[in-house]
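Here is a short note for a colleague who is opening this entry for the first time. Please keep the viewer open while reading.

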Amino acid sequence: MKEKLRFREYWQIWLLLACFCVMGLAVLLRWRAAVRDLPDGVGRPLAAQEQAEVIARNSPLAAYAYLSPNADFPREQPIRKITIHHMAGDIALERLGEVFGEQDRQASANYAVDGQGRVALYVEEANRAWTSSSPDNDHQAVTIEVANDETGGDWHVSDAAYEALIELCVDICRRNGMEELTWTGDETGSLTIHKMFNENTQCPGPYLEGRMPDIAAEVTRRLLEDF
Ligand SMILES: [Zn+2]
């Protein structure tokens, strides 16, 4: 009886303590998620030597590297696809690195190409970038963001960006044992686009979408020159 009384007297304190425990647990879980085991070099500026080492493991066409934490380390499937996106503008590659560096954004791409044809690396090819609204696709794909020189409309891209995109695709195929790039207009081809996986986006826009058969053919033609 005495115990019961004591509990009744102090129930507010017990409730408060319970609340503290729940809040503490929530904070701990959030903290653990924020500091999940990220590989070295991810989510911070890289020194010139570190950038060179990272680029050496990926495409030598990359002129800049900033590794995004928004990725799965490593990817779960071998590379057998390339997925093309548009940047919806011409964002400086260094600025795009900052954007992909923010964990709250939950977005990244393996590579980006700017309007001058410069290439940047954000997620190493060994890892899965969070780009195409499809984990299944992105675990198999190297994803590329391409800058636009027109905002809206056809979302046109410059000739320099287009040529750099072709060269990057050829290089990715060569290094990953892809003998051809195929465009089927759906996700069964080895060349895919964002809008196949998300009905709410027009990415990569009418201009690049219309050139997909040309991109697949030209990349395959250059790959065949190797043999
Ligand atoms: Zn996209």
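**Notes on the fold**

1. Start here. This is a predicted model. Six strands form an open sheet of 6 strands in the order E1-E5-E4-E7-E3-E8, and the pairing is mixed. Strand E1 (62-65) and strand E8 (191-193) are the edge strands, each pairing on one side only. On average, neighbouring strands of this sheet are turned by 30° against each other, direction ignored.

2. One strand pair. Strands of a sheet pair through backbone hydrogen bonds, either parallel or antiparallel. Which sense do strand E4 and strand E5 take? Strand E4 (residues 111-113) and strand E5 (residues 119-121) are antiparallel, with 3 bridges. For Val113, the bridge partner in E5 is Val119.

3. The whole chain. The protein chain has 7 helices and 8 strands. Its radius of gyration is 23 Å, whereas a compact globule of 227 residues would have one near 17 Å. Along the principal axes, the C-alpha atoms fill a box of roughly 90 × 40 × 30 Å.

4. A helix pair. Two packed helices are described by the angle between their axes and the distance between the axes. Take helix H5 (residues 159-175) and helix H7 (residues 212-224). Their axes come within 9 Å and cross at roughly 55°. H5 is therefore oblique to H7. The crossing of H5 and H7 is right-handed.

5. The residues between H5 and H7. Which residues make the contact? From H5 come Ile166, Cys169, Val170, Cys173 and Arg174. From H7 come Ile215, Glu218, Val219, Arg222 and Leu223. By class, the contact of H5 with H7 has 7 nonpolar and 3 charged residues, and no polar ones.

6. Cis peptide bonds. Please look at two places. The bond from Phe73 to Pro74 is cis, with omega near -5°. Pro74 sits in the loop between strand E2 (71-72) and strand E3 (81-86). The bond from Cys203 to Pro204 is also cis, with omega near 15°. Pro204 sits in the loop between E8 and helix H6 (205-210).

7. A backbone angle. Is the phi of Ser133 positive or negative? Ser133 has a positive phi of about 60°, although it is not a glycine. Ser133 belongs to the loop between strand E6 (128-129) and helix H4 (135-140).

Note on methods. Residues numbered from 1 in each chain as written. Predicted model: local features only at pLDDT ≥ 70, side-chain atom pairs only at ≥ 80, totals over all residues. Axes fitted to C-alpha atoms, helices over the stretch in contact; angles between N-to-C directions. Helix = DSSP H or I, 4+ residues; strand = E, 2+ residues; numbered from the N terminus. Parallel < 35°, antiparallel > 145°, perpendicular 65-115°, else oblique. Left-handed = near helix turned anticlockwise from the far one by under 90°. Contact = placed C-beta atoms within 7 Å. Nonpolar A, V, L, I, M, F, W, Y, C, P; charged D, E, K, R; others polar. Pairing = 2+ DSSP bridges. Rg over C-alpha atoms; globule rule 2.2 N^0.38 Å.
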